[in-house]
Amino acid sequence: MSHFDEQGYNDRSTLLFMQDTKARIAQNLDAQFAEMGFAIPGVDALRQGADVSLRTLYKYYPSREAMITGALEYRNEVYLSWISGGPPSGQAHILHIFHRLGEWLIKGANNGCLFLNALAAYPEVSSVRQMAEHHKECVRAEFARRLHHVAPTVDANALAETLLIIHEGQTDTAMTRDPNTATDAALRLARALLIAEGIPE
């Protein structure tokens, strides 16, 4: 291997390490905010939860705002991956998202939507609002994509908006009821909507 190639390899290794470090910090920040909310943990608590030095934390996330948006970016990617896949056709292709949300609510801390919690804590911070809006649009777009795949003649955008509202209601209801009850209710409502739109099982 030439010196140039070796240096290029080392540069790529360093870049991958940095990306892994940033992602690991974002994952730990996500867990911290999900457990303690956005008002309570100070920077030192976040640093301890991220398991890095203060210098390393600020290197990747130089402000509290950056730490919050970094955690939300991580959560968005993880959740979109979580709801991917499922049955390839019929109503089940669409309802898969509600089933997966139900599993998410059982598995994780049941403290409501992390994006809306962040927005409630920092309503004037534009980057937080943008991330919350971006996440909801990503979920809506996934509903629309699935609807277009299953029933290309329906108004997928309008119907996806309604399914998103059911999705949000499922998340909120699980805070005061149990996740299974919230999921069952969301599925009944979503199925009735799909049947009314003539989407076959």
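The model is predicted: local features need pLDDT of at least 70, side-chain atom pairs count only at pLDDT 80 or more, and totals for chains, interfaces and linings use all residues. Residues are numbered from 1 along each chain as its sequence is written, and side-chain values use heavy atoms, with hydrogens and water left out. The protein has nine helices and zero strands, where helices (H or I, at least four residues) and strands (E, at least two) are DSSP runs numbered from the N terminus.

**Overall fold**
- Along its principal axes, the C-alpha trace spans about 65 × 50 × 30 Å.
- Of the 201 residues, 42% are buried; buried means under 20% relative accessible area, exposed over 50%, and partly exposed in between, with a 1.4 Å probe and protein chains only.
- Contacts are heavy atoms within 4.5 Å, and among those between residues at least 6 apart in sequence, 71% join residues at least 24 apart.

**Helix α8**
- Helix α8 covers residues 156–176, which is 21 residues.
- From first C-alpha to last, α8 reaches 31 Å, close to the 30 Å expected at 1.5 Å a residue; the expected span is 1.5 Å times one less than the number of residues.
- Buried residues of α8 include Leu159, Leu163, Ile166, His167, Gln170 and Ala174.
- An α-helix has 3.6 residues a turn, so residues three or four places apart point the same way.
- The buried residues of α8 pack against α4 (64–82), α5 (90–107), α6 (114–121), α7 (126–150) and α9 (179–196).

**Packing of α5 with α9**
- The angle between α5 and α9 is about 165°, and their axes are 9 Å apart; axes are lines fitted to C-alpha atoms, for helices over the stretch in contact, and angles run from 0 to 180 degrees between N-to-C directions.
- The two helices, α5 and α9, are therefore roughly antiparallel (under 35 degrees counts as roughly parallel, over 145 as roughly antiparallel, 65 to 115 as roughly perpendicular and the rest as oblique).
- On the α5 side the contact includes Phe98, His99 and Gly102, and on the α9 side it includes Pro179, Thr183 and Arg191.
- By class, this contact of α5 with α9 has eleven nonpolar, five polar and one charged residues; Ala, Val, Leu, Ile, Met, Phe, Trp, Tyr, Cys and Pro count as nonpolar, Asp, Glu, Lys and Arg as charged, and the others, Gly among them, as polar.

**Packing of α4 with α7**
- Helices α4 and α7 pack at about 5°, with axes 10 Å apart.
- That angle makes α4 roughly parallel to α7.
- Among the residues that meet are Glu65, Leu72, Asn76 and Tyr79 in α4, and Ser127, Met131, His135 and Cys138 in α7.
- The contact of α4 with α7 has eight nonpolar, five polar and two charged residues by class.

**Single residues**
- His135, in helix α7, is buried, with a relative accessible area of 4%.
- Not counting residues up to four places away in sequence, His135 touches Asn76, Tyr79 and Phe115.
- Thr181 lies in helix α9 and is partly exposed, at 30% relative accessible area.
- The C-alpha atoms of Thr181 and Lys107 are separated by 15 Å, and the two residues are 74 apart along the chain.
- Asp51 lies in the loop between α2 (43–50) and α3 (54–60) and counts as exposed at 60% relative accessibility.
- Phi of Asp51 is near 60°, a positive value in a residue other than glycine.
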